[in-house]
Amino acid sequence: MSNTDVKEVPLPAKASWLEINPNALKANIQSFRNLLPPTTRLGVVLKGNAYGHGLNEVLPIIQPWVDCLYVITAAEAFQIRALEKKQGLSERQVLVLGALSLEEVIACARQSIEVVIGDNHWKDFLLRIKAAQVKLKAHLHLDTGLGREGFAWDEVEKELSFLKGSEATIQIQGCMSHFANTEDATEHGYARLQMNHFRQGTDRAKAFLGIHHPIEEHFAASAASLVLSDSRMSIIRLGISLFGFWPSLETEITARAMLDQAPELIPALTWKCVSQLVKPVKKGSYIGYGCTYRCEQDSWIAVFPVGYYDGYPRLMTGKCHVLIQGKRCPVIGRIMMNHIIVDVTSVITALYPQSNPPEPFDLQAILMGSDGKQQIPAEMLADWAQTIHYEVTTHLGAHLNRKVV
Ligand SMILES: *Cc1c(COP(=O)(O)O)cnc(C)c1O
């Protein structure tokens, strides 16, 4: 780092923080182990900064208990290798699912990181990978009906012709695909069609490339792992449910109806914040930008140093609440970049006699998660923000402090 670089700005001491419960993560892994046949391995997807939970925090907790780590970017894979080294953990299978530059591919090969080949721009990489004298372990991605990455399952011979005869450079370790709507439906006709395409595509790819060694076949993310037992194949790619969330309500309903014992998924994350200011305001006062909220009575408000910059969606304005001392307190006025304002009248009236008014930092709010008895699930924030919990958790600011508790 040159001395002209600006030093990283430290987090304000009062910023909100995330608490990660390691036992929840381990219990969720165990629940899936119980669900899987012994021949199916358990891989976890740690993309999106481990679904917002923090790759650095989550990895050391779960690394010893899983069989493979899937990420989207090369940077995440390198971060895993660096952390394994630093913590003296034995190397796990790591597979990058996302798009890579040639330089990243070669760096991956040098660190035994596996990659996914899913389109024929790889043709241009082939000679240069050979020239770099590395051996690359790769998985083929077949598009069986999602319309995203992958070779067309019914044209594998044409699509894979550029790979023929390159086994000295590229070792095919596996074949994968991804479901389009296992989360959205309680009926899985389309998923079964995709599996059928996968079976045919994989067999044809193996025959065409002359692959006789056993390869991994993987298809199922959280939802399919739960509700489509024959999608589990060699290994599952468990994402959202590792963190204790059902992929969707549809999946939860289907799983509870289908499975003798549906797993109890335990959310691993709680988002907390301490007030920076607590004060009384008079009846008729306006609160926040745009004067969109007016107090109907004399009230107590608390200002919390958290806002949409930290991942608290502005779209939740007018709908959301936080938990303070077991009470649900509404967020009033617009959600701001670095602040929210909460009506804490009920808390103050219950807990503070008039002779003993609250101090600025007295109130701790739970923005997401549970306080033991009450909960604000990520799904609730997602409803308020008109999105899905995947987006809410992955938008939790990377700058926030994450504490393993
Ligand atoms: C994100 C992702 C997963 C995990 O999905 P969840 O629904 O979070 O379990 C699995 N496979 C691929 C290819 C993905 O992109």
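Reply: Happy to; we can begin with the whole chain and then go to single places. One thing to know at the start is that this is a predicted model.

Me: Good to know. How many helices and strands does the chain have?
Reply: There are 13 helices and 21 strands. The C-alpha trace spans about 85 × 60 × 40 Å along its principal axes.

Me: And what share of the residues is buried?
Reply: Of the 405 residues in the chain, 52% are buried. The chain exposes about 19000 Å², and 52% of that area comes from carbon and sulfur atoms.

Me: Let's switch to the ligand. Which residues come nearest to it?
Reply: There are 13 residues around the ligand, and the nearest are Lys-47, Tyr-51, Ser-222, Ile-240 and Tyr-390. By class, that shell holds six nonpolar, three polar and four charged residues.

Me: Which polar side-chain atoms lie by an oxygen or nitrogen atom of the ligand?
Reply: Tyr-51 has a polar side-chain atom 2.5 Å from an oxygen atom of the ligand. In the side chain of Lys-47, an N or O atom is 2.7 Å from a ligand oxygen. Arg-237 has a polar side-chain atom 2.8 Å from a nitrogen atom of the ligand.

Me: How much of the ligand does the protein cover?
Reply: The protein covers 95% of the ligand's accessible area, which is 390 Å² for the ligand on its own.

Me: You mentioned Tyr-51. What is Thr-393 in contact with?
Reply: Leaving aside neighbours within four places in sequence, Thr-393 is in contact with Tyr-51, Gly-52, Phe-245, Met-368 and Ala-378. Thr-393 lies in helix α13, residues 389-394, and is buried with a relative accessible area of 0%.

Me: Okay, another helix. Which residues of α3 are buried?
Reply: Helix α3 covers residues 55-62, and its buried residues include Leu-55, Val-58, Leu-59, Ile-61 and Ile-62. Seen down the axis of α3, the buried residues fall within an arc of 170 degrees, so they line one face of the helix.

Me: Why would residues three or four places apart point the same way?
Reply: Because an α-helix has 3.6 residues a turn.

Me: Now Glu-84: buried or exposed?
Reply: Glu-84 counts as buried, at 1% relative accessibility. Its place is in helix α4, residues 74-87. Not counting residues up to four places away in sequence, Glu-84 touches Gln-63, Leu-69, Leu-89, Ser-90, Glu-91 and Arg-92.

Me: And where is Ala-382?
Reply: Ala-382 lies in helix α12, residues 378-384. It is buried, with a relative accessible area of 3%. Its contacts, apart from neighbours within four places in sequence, are Thr-387, Ile-388, His-389 and Val-392. Val-392 is 10 residues from Ala-382 along the chain, and their C-alpha atoms are separated by 6.1 Å.

Me: What's in the loop between α12 and α13?
Reply: Gln-386 is found there. It has a positive phi of about 55 degrees although it is not a glycine. Most residues other than glycine have a negative phi. Gln-386 is exposed, with a relative accessible area of 59%.

Me: What about Cys-291 and its phi?
Reply: Cys-291 is not a glycine, yet it has a positive phi of about 45 degrees. Cys-291 sits in the loop between β13 (286-287) and β14 (293-294). With a relative accessible area of 47%, Cys-291 is partly exposed.

Definitions and conventions. Residues are numbered from 1 along each chain as its sequence is written. This is a predicted model: local features need pLDDT of at least 70, side-chain atom pairs count only at pLDDT 80 or more; totals for chains, interfaces and linings use all residues. Side-chain values use heavy atoms; hydrogens and water are left out. A residue is near a molecule or strand if one of its heavy atoms lies within 4 Å of it. A polar contact is a pair of N or O atoms within 3.5 Å; within protein, one must be able to donate a hydrogen and the other to accept it, and residues adjacent in sequence count only if both atoms are side-chain atoms. Accessible areas come from the Shrake-Rupley method with a 1.4 Å probe; for residues, only the protein chains shown count as cover. Ala, Val, Leu, Ile, Met, Phe, Trp, Tyr, Cys and Pro count as nonpolar, Asp, Glu, Lys and Arg as charged, and the others, Gly among them, as polar. Buried means under 20% relative accessible area, exposed over 50%, partly exposed in between (1.4 Å probe, protein chains only). Helices (H or I, at least four residues) and strands (E, at least two) are DSSP runs, numbered from the N terminus. The arc is that of the directions from the helix axis to the C-beta atoms. Contact means heavy atoms within 4.5 Å.
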